[in-house]
Amino acid sequence: MTTQIISKRSAGNIIISPLLQVPDVISGVFTRVQNASVGLGGYAKITDNNGEYVTYNCYFSGGFYQCRVWAVKSTASPILDVRINDVDVFSSGIDLYATANYLTVWSQNLYIAEGFSAVKFIADGKNTSSSDYNALLCLAQFNRRTSL
Amino acid sequence: MTTKIICKNYGVSPRAYSIPHHGFDTIIQGAWEMIMQVGTIYNFYARSTNHNDGDGFSQDIWLAGGTYTLEIIYVKANNAGIIDVYVDNNLQGSIDEYAAATSYDNSVQFTGISLAAGKHVLKFVVNGKNASSANHYCYLTGASWNITSCAQAARTSPLLGFDCVSPITILPFFTNDTTVVQGTISPLIAGAGWPYNLRPMQSTTDADGDGISFEQYLPKGVWTARLVGQIQANAGKVDFAIDGTTKGTFDLYNATTSYTTAREIVSISNTKNGFKTMTMITNGKNASSGGYTSEWVGLLLKKTAEV
């Protein structure tokens with residue numbers, strides 16, 4: 001007799017904290033900046049020019065997730081795309097242009113397959129009012145969801 | 001008869017956390033404390049109080065099986081020592097924390113750490129110092145475990161370890177489905193002087209019964225919940241409940257205000273993997289307290305044993 005017990009239970013959330021983690025891939029810049037006016041005590045500057053990106057290779061349990069991005073807005077910041085295996089998480093990107101402020105945004109629930117996925121943060125254009133492509137990332141978190 | 005147990009849950013990676021928030025599970029030597037430093041990464045770090053050679057501590061970590069890169073964030077200073085970093089008593093390397101000028105954003109990576117699923121011990125021990133250093137202090141901010149390959153062998157081993165990725169950091173503004181049970185919750189803004197440099201999950205009404213609920217996946221096991229925020233003379237008691245069952249109470253009262261004293265609830269037994277509704281609700285106060293203020297910033301759940 002052969003008994004197979006197959007469990008597909010999933011684990012919890014993934015935190016990508018640039019303050020604690022150097023990206024696996026840096027196409028342009030990666031600079032940690034300490035700033036008492038910003039939650040977590042700072043952020044990482046992850047792009048300087050259009051098209052630049054950083055990538056974190058993450059291991060996901062297969063299932064549905066919601067992505068929350070926390071970034072600093074500025075008058076010199078781009079539209080930031082978050083991509084999982086080169087698929088956009090936010091359909092219109094995240095416009096980081098504004099006078100100094102925070103931005104936190106939740107994604108729709110998305111399915112991420114079991115295994116390694118590349119989570120890319122890339123400067124993808126900018127608001128016409130923005131003067132530059134400086135993306136300032138505080139934290140990104142993928143929270144495991146029960147269902148769609 | 002052949003019995004094959006396959007568990008397709010290897011946990012998730014990376015797993016990043018604050019070292020002082022996790023706390024000091026085993027003291028090797030000396031005393032260790034949480035230090036607030038405005039404007040630094042996460043606003044706080046761990047420090048060796050007695051700053052003697054040989055001071056050390058360890059933390060228990062639960063990980064999925066695989067090969068990992070361990071990244072440590074640390075402080076450099078002119079009075080810091082050299083820190084040996086061990087995983088399961090295997091020396092990974094040393095960190096010379098000396099520098100003439102203090103800096104807070106230093107990192108080092110240790111690669112190719114092969115781990116079976118389950119419990120592991122991350123240990124830091126002061127081992128000498130740079131000739132230029134004035135002392136043997138140790139300063140540690142954060143750790144991140146980043147899996148680079150998943151152990152196939154681990155996938156087919158018994159259940160131990162597959163649902164045991166720990167610690168879990170919960171910042172209230174980043175939880176799923178945060179719901180205000182009672183009171184008014186402050187917005188997400190910086191909080192200089194607070195752990196994580198975040199304003200606390202603070203009820204502006206400061207009333208008994210104020211609190212929030214949120215959703216969190218929790219693997220089975222025995223867990224410790226460790227809370228950081230502000231303890232003070234007008235604070236209440238906060239009940240921590242999972243799926244409606246109170247697991248313990250954080251008494252946030254202290255005669256003097258402190259941001260560097262964590263409160264813990266230990267021996268939280270969770271017998272089933274799954275999504276849990278967790279609540280943090282003010283329930284009464286210490287007899288000496290002048291109010292029901294509840295100001296906490298982060299909750300860290302760390303596994304301590306299997307169930």
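The model is predicted.

**Chain B overall**
- Chain B contains two helices and 22 strands.
- Of the 307 residues in chain B, 60% are buried.
- Among contacts in chain B with a separation of 6 or more, 79% are between residues 24 or more positions apart.
- The accessible surface of chain B is about 10500 Å², and carbon and sulfur atoms contribute 46% of that surface.

**K276(B)**
- K276(B) lies in strand β21 of chain B, which spans residues 274-282.
- Although K276(B) is buried, it has no salt bridge.
- The nearest side chain of opposite charge to K276(B) is that of D243(B), at 4.4 Å; a salt bridge requires the charged atoms to be within 4 Å.
- The side chain of K276(B) does reach the backbone oxygen of K272(B), at 2.8 Å.
- Leaving aside residues up to four places away in sequence, K276(B) touches F214(B), E215(B), Q216(B), L218(B), I242(B), D243(B) and N270(B).

**Strand β5 of chain A**
- Strand β5 of chain A comprises residues 42-47 and is mostly covered, with five of its six residues buried.
- β5(A) runs antiparallel to strand β4 (residues 31-34) of chain A, and four bridges join the two.
- Within this pairing, G42(A) in β5(A) is the bridge partner of Q34(A).
- β5(A) is also joined by three bridges to strand β14 (residues 135-145) of chain A, again in an antiparallel arrangement.
- In β14(A), A135(A) stands opposite T47(A).

Methods. Residues numbered from 1 in each chain as written. Chains lettered and ligands numbered in written order. Predicted model: local features only at pLDDT ≥ 70, side-chain atom pairs only at ≥ 80, totals over all residues. Heavy atoms only, no water. Buried < 20%, exposed > 50% of the residue type's maximum accessible area, 1.4 Å probe, protein only. Lys, Arg positive; Asp, Glu negative; His and termini not counted. Polar contact = N/O pair within 3.5 Å; in protein donor to acceptor, adjacent residues only side chain to side chain. Contact = heavy atoms within 4.5 Å. Areas by Shrake-Rupley, 256 points an atom, 1.4 Å probe, with all protein chains shown as cover. Pairing = 2+ DSSP bridges.
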